[in-house]
Amino acid sequence: FASKDHLTAFFGTITFYIGIFSLLFQMFVTNRIMKRGVGWAIMMLPAGLLVSFIALAVHPKLWAAALLQLVDGGLSYSIHRSGMELLYLPIPPQTRNAVKGFIDMFVDRTGRAIGAVLLLACTVILTFSIPALSIVAAFLVIAWIAMVIAVKREYLHSFRLALEKSSIEPEALQLRNLDRGTARTLIRLLDSDDERQVLYALDLLSNTHPNRWRDQISMLIRHPSAAVRARTIALLASWNDPLIARDAFIHHPDYETARVAMAGALRFYWTGSFRDRESLDGLLRDSSPAVVRQAMVTAAMVKYEDAVPFLIEKLADRHFRRDARAALAKFGNSIIADLVARLLDSGQPGRIRMRIPKTLALAGTPEAAEMLLRCLHQVEYHVDYAVLKALNRMRGGFPKIRLDRARVIRAIYTEREAYDRLLNVHGWLLASAPEGPVFQLLTRAVAERMGERLERIFRLVGLIYPPNDIYAAYYNWQMRPAMRASAIEFLDNLLDTRMKELIIPLLEEGGPRPARAMSRQTVFGTLLKGEDPWLSTIVMELVSNETGMQYLNAG
C-alpha cells in the first residue's frame, strides 16, 4: 500500500463486503440452516474459521487474511448470533435473566482479552510467523468444534427436560425458528396421555400455523380431555383455519366440543340471516365458557352489532373481561358512541363503567382518544381516574395519536384547583389538630387525596409531553428523596413557562402553602359538596356525633 489512505480504503472495502455478505446470509441462508439444527447454526462459524486458518497457513497472502476477516465478520453477527440466542431457550427465565447479561458482557469481553494476551505472547515473546499463528488458531478452533458437538447434544436433552417441567414460556418460542429435531420433540408432546402436557404443548404451538402440526389434529379432536379438544378448536379458530368447519368437528359426539366448533365455524359461512343470528345468540349465552369465548370472537369477526350489549355486560365478569375487551376493540369506531353513553350514564353498574375506558383505549383510534378526553372530569372521581389511566395507555401504546393540547391544559388547571382546595383543607385540619379517631382519619384521607391529585396532574402532563420522561421524573421525586432536586431541575428544563408555573411549586421543598384561613363550616362544606364520596362520608360521620356538631356550630 502506497499510503495510509490506501490502507484505510482497503479496510473500508473489506468492511463493506462483510456487511453485504452478513445481510444476504441472514436474509437467505440463516433460516434454512437453522431448520437443519441448532448444531449446524453454531458450527458454521468455527468451520469457516478452520478453513480460513488452514488457507492462511498454507498461503499467507492478503487474500487469505481478507477471507478470514470476511468469514469472521459475516458469520459472527448473522447465523452464529441466532444460534447462540436459541441455546438460551431451554433455560428457565429466572436463570436466563440472571446469567445472560453476565455472559454477554463479562465472559465475552474476558475471552476477547485473553485472546489478545495470547496473541501478544505468540507474536512478541514467541515471535510466531503468520503460518504458525494460523496453525495454533486452527487447533483452538478444533477444540471449539468439539465443544459445539457436546453443546448440541446437551441442548436437546435440556429442551426435553424443559418441556417436561413446563418451564419454556409460549411467547419465547417461535417454532418457525426451531430446527426439525427440536420441533419434532415439541410436537411429540401432543401424543402424551397427560392433559397438562398436551395443553402446555398447544400453548407453545399457539404462535405457529397449524400446518406444522396438522397430522396430530385428528388425534387431538378425539382426545378424552374436553379441555384439550376445546383448546385445539380455539387454536384452529384463532388462525381462521377452515378445518374447524368439518363435520367431524361440528357433529362431534361430545356436546361441548361440537358447540365450540360451531361457534368457530359460523364465521366461515356467516350471511347475517335470521338463522345465523339466532345460532350466534344461542352460542353467546351457552353454559360453557369455552363456547361463549369462541362465540364472542366470531361476533367480533363478523361485526355482529346485536352482540355489543352482551359484550359490554361481560366487561363486569372477570372470567370473560379480557375476551370481551378484545372483541369490542375489533368493532372499531362504530361502537364508540354506545360505550361513551354507558360510561357517562351514572345508572349503569359501576363494574361495567370502570372497564369501559380501557376498552376504548384498546381501540387505539383518534376518535376513541378524543371521546375519552371529552369524558374527563365528566364522571365520578374513581371512574374519572379510570378514564385518565386509559388516556395514558393510549399515549404510550399509540404514540401517533395526538390529543387536544388546550383541553389537556384545562384539565390540568382543574386538577390544580382541586389540589389547592385540598391543600387549604389540610392546612386547617393540621392547625386545628383536635383529638378523635374520625378527625385523624379525615386528615389522613385528605393527605392521600392530595397525593392522588398530584399523580393525576403528572398523568395529564404525560399526555402532552414525552410520557416516559414525565413518569420517570415523578417516580424519582416520589420514591427517591435524594433524586428530588434532579427531578425538579429536569422538569424545569423540559416544561414550558406556563406549565412550570403550575407544576414546579408542587414539588419544591415544603410545597405551596395554604392560601387563606378557613372556617369550620367552609372546610366541612367544601368536603361535603365535593365529588369525593369517601371524604363526604367521613365528614358526615364527624358532624353526626356530638363533638362534630359542636365544631360545626362553633364556627
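**Exercise 1. Is D420 buried, partly exposed or exposed, and what is its relative accessible area?**

Solution. The model is predicted: local features need pLDDT of at least 70, side-chain atom pairs count only at pLDDT 80 or more, and totals for chains, interfaces and linings use all residues. Residues are numbered from 1 along each chain as its sequence is written, and side-chain values use heavy atoms, with hydrogens and water left out.

Step 1. Take the cut-offs: buried means under 20% relative accessible area, exposed over 50%, and partly exposed in between, with a 1.4 Å probe and protein chains only.

Step 2. D420 has a relative accessible area of 27%, so D420 is partly exposed.

Step 3. Look at the partner of D420. R416 forms a salt bridge with D420, and the closest N and O atoms are 3.0 Å apart. A salt bridge here is a side-chain nitrogen of Lys or Arg within 4 Å of a carboxyl oxygen of Asp or Glu.

Step 4. R416 is buried, at a relative accessible area of 14%.

Step 5. R416 and D420 are 4 residues apart in helix α23 (residues 405-432), a separation of about one helical turn. Helices (H or I, at least four residues) and strands (E, at least two) are DSSP runs, numbered from the N terminus.

**Exercise 2. Describe the salt bridge between R342 and D338.**

Solution. Step 1. The N to O distance between the two side chains is 3.8 Å.

Step 1. Both residues belong to helix α18 (residues 336-344), where they lie 4 residues apart, about one turn of the helix.

Step 2. R342 is buried, with a relative accessible area of 17%, whereas D338 is partly exposed at 30%.

**Exercise 3. Which parts of the chain does the salt bridge between D384 and R456 tie together?**

Solution. Step 1. The side chains of D384 and R456 meet at 2.3 Å, N to O.

Step 1. D384 lies in helix α22 (residues 381-397) and R456 in helix α24 (residues 437-461), so the pair ties together parts that are 72 residues apart in sequence.

Step 2. D384 is buried at a relative accessible area of 2%, and R456 is buried at 1%.

Step 3. Widen the view. D384, E415, R453 and R456 are linked in a network of salt bridges. The structure holds 20 salt bridges.

**Exercise 4. How many disulfides does the structure hold?**

Solution. Step 1. A disulfide is a pair of cysteine sulfur atoms within 2.5 Å.

Step 1. The count is 0 disulfides.

Step 2. Check the surroundings of two cysteines. C122 is buried, with a relative accessible area of 13%. C375 is buried too, at 2%.

**Exercise 5. Work out how α23 and α27 pack.**

Solution. Step 1. The angle is about 30 degrees, and the axes are 12 Å apart. Axes are lines fitted to C-alpha atoms, for helices over the stretch in contact, and angles run from 0 to 180 degrees between N-to-C directions.

Step 1. Angles under 35 degrees count as roughly parallel, over 145 as roughly antiparallel, 65 to 115 as roughly perpendicular and the rest as oblique. α23 and α27 are therefore roughly parallel to each other.

Step 2. The crossing is left-handed, meaning that the near helix is turned anticlockwise from the far one by less than a right angle, while clockwise would be right-handed.

Step 3. I409, I412, Y413, R416 and Y419 of α23 make the contact with R498, M499, E501, L502 and L506 of α27. Contact means heavy atoms within 4.5 Å.

Step 4. Helix α27 (residues 497-507) has M499, L502, I503, I504, L506 and L507 buried. These buried residues pack against α23, α24, α25 (467-479) and α26 (484-494).

**Exercise 6. At what angle do α28 and α29 pack?**

Solution. Step 1. Helix α28 (residues 520-529) and helix α29 (residues 533-544) pack at about 135 degrees, with their axes 8 Å apart. That makes α28 oblique to α29.

Step 1. α28 passes α29 in a left-handed crossing.

Step 2. From α28, F524, L527 and L528 meet L535, S536, V539, M540, L542 and V543 in α29.

**Exercise 7. Where is the place of T127?**

Solution. Step 1. T127 is in the loop between α6 (93-125) and α7 (130-165).

Step 1. Phi of T127 is near 50 degrees, a positive value in a residue other than glycine.

Step 2. T127 is exposed, with a relative accessible area of 56%.
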